[in-house]
Amino acid sequence: MKRILLAEDDLDFGNILKQYLEISGYAITWAKDGKEALELFKNDSFNICVFDVMMPKMDGFTLAEKVIDINPETPFIFLTARKLKEDKIKGLKLGADDYIVKPFEADELVLRLNNILKRTERTTEKLPQEQMISIGTYQFDTSRLELSCNTYKKQLTQKEAELILFLFNHKNQLLKREDILKSVWENDDFFSGRSMDVFISRLRKYFKLDPSISIESIRNVGLEFKVS
């Protein structure tokens with residue numbers, strides 16, 4: 001049984017959502033505010049998190065940032081009553097796996113949760129175990145999900161590591177956006193595309209110590225991971 005940490009301050013909505021998710025086969029731990037959710041996350045393990053954005057004591061965005069610091073591999077979804085484009089982009093930049101605007105059908109949430117968990121389970125099979133890959137002056141440890149260069153070390157998320165491996169395996173080649181999305185995200189919809197843009201921006205920062213490495217975008221086509 002997959003375990004979900006639900007953070008929702010609306011008692012009526014939270015209670016209904018908890019019951020529906022339990023009927024759908026999930027084990028639910030329900031926190032009534034962001035601070036309580038963080039304490040629960042610190043002391044237990046969950047397969048996925050569902051965070052309301054607007055909560056007392058700690059909002060969903062702040063909660064997600066702290067959760068990522070503790071365990072960057074745990075996927076999470078934002079729930080919000082706000083339809084602001086800025087909120088959705090902020091959620092994407094934090095690495096959210098999905099962003100759902102209220103009101104929504106509970107069936108839709110269950111479907112999205114199932115899809116995310118299936119993707120998460122499949123991604124663990126994509127990275128070779130105990131392999132050290134040299135990328136310019138960097139070392140990429142696929143088993144530890146770690147990127148290092150001299151004294152610099154960066155702990156990667158699963159998705160970041162998958163993307164680096166895919167780009168490296170196709171280095172110095174022009175890659176179409178849809179090919180990257182289908183391989184790493186297993187989906188080439190708008191949401192996945194925006195998520196990929198955020199991840200590419202992160203990787204550019206990670207590799208900035210070596211000028212021989214670059215990720216160049218070709219407008220309306222794709223990008224190229226250059227390693228000289």
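Visitor: Which strands does helix 6 lie across, and at about what angle does helix 6 run to strand 12?

Guide: In this predicted model, where local features need pLDDT of at least 70, side-chain atom pairs count only at pLDDT 80 or more, and totals for chains, interfaces and linings use all residues, helix 6 lies across strand 10, strand 11 and strand 12 and runs at about 75° to strand 12. Residues are numbered from 1 along each chain as its sequence is written, and side-chain values use heavy atoms, with hydrogens and water left out. Helices (H or I, at least four residues) and strands (E, at least two) are DSSP runs numbered from the N terminus, while axes are lines fitted to C-alpha atoms, for helices over the stretch in contact (heavy atoms within 4.5 Å), with angles from 0 to 180 degrees between N-to-C directions. Helix 7 lies across strand 10 and strand 12, at about 70° to strand 10.

Visitor: In what order do the three strands of the open sheet come?

Guide: Two strands pair if DSSP finds at least two bridges between them. Here the order is 10-12-11, with antiparallel pairing, and strand 10 (174-176) and strand 11 are the edge strands, each pairing on one side only. Strand 11 is joined to strand 12 by six bridges, and Ile215 stands opposite Phe225 in strand 12.

Visitor: Which residues touch the most other members of the largest nonpolar core?

Guide: In soluble globular proteins, nonpolar side chains tend to be buried together. A nonpolar core is a set of buried Ala, Val, Leu, Ile, Met, Phe, Trp, Tyr and Cys residues joined through side-chain atoms within 4.5 Å, where buried means under 20% relative accessible area, exposed over 50%, and partly exposed in between (1.4 Å probe, protein chains only). The largest such core has 31 residues, and those touching the most other members are Ile135, Phe140, Leu163, Leu167, Ile180, Phe207 and Phe225. Helix 6 gives the most to this core, with seven residues. Leaving aside neighbours within four places in sequence, Leu163 is in contact with Ile180, Val184, Trp185, Phe199, Ile200 and Leu203.

Visitor: How are helix 2 and helix 3 placed relative to each other?

Guide: Two packed helices are described by the angle between their axes and the distance between the axes. The axes of helix 2 (residues 34-43) and helix 3 (residues 60-70) come within 10 Å and cross at roughly 10°. Angles under 35 degrees count as roughly parallel, over 145 as roughly antiparallel, 65 to 115 as roughly perpendicular and the rest as oblique, so helix 2 and helix 3 are roughly parallel to each other.
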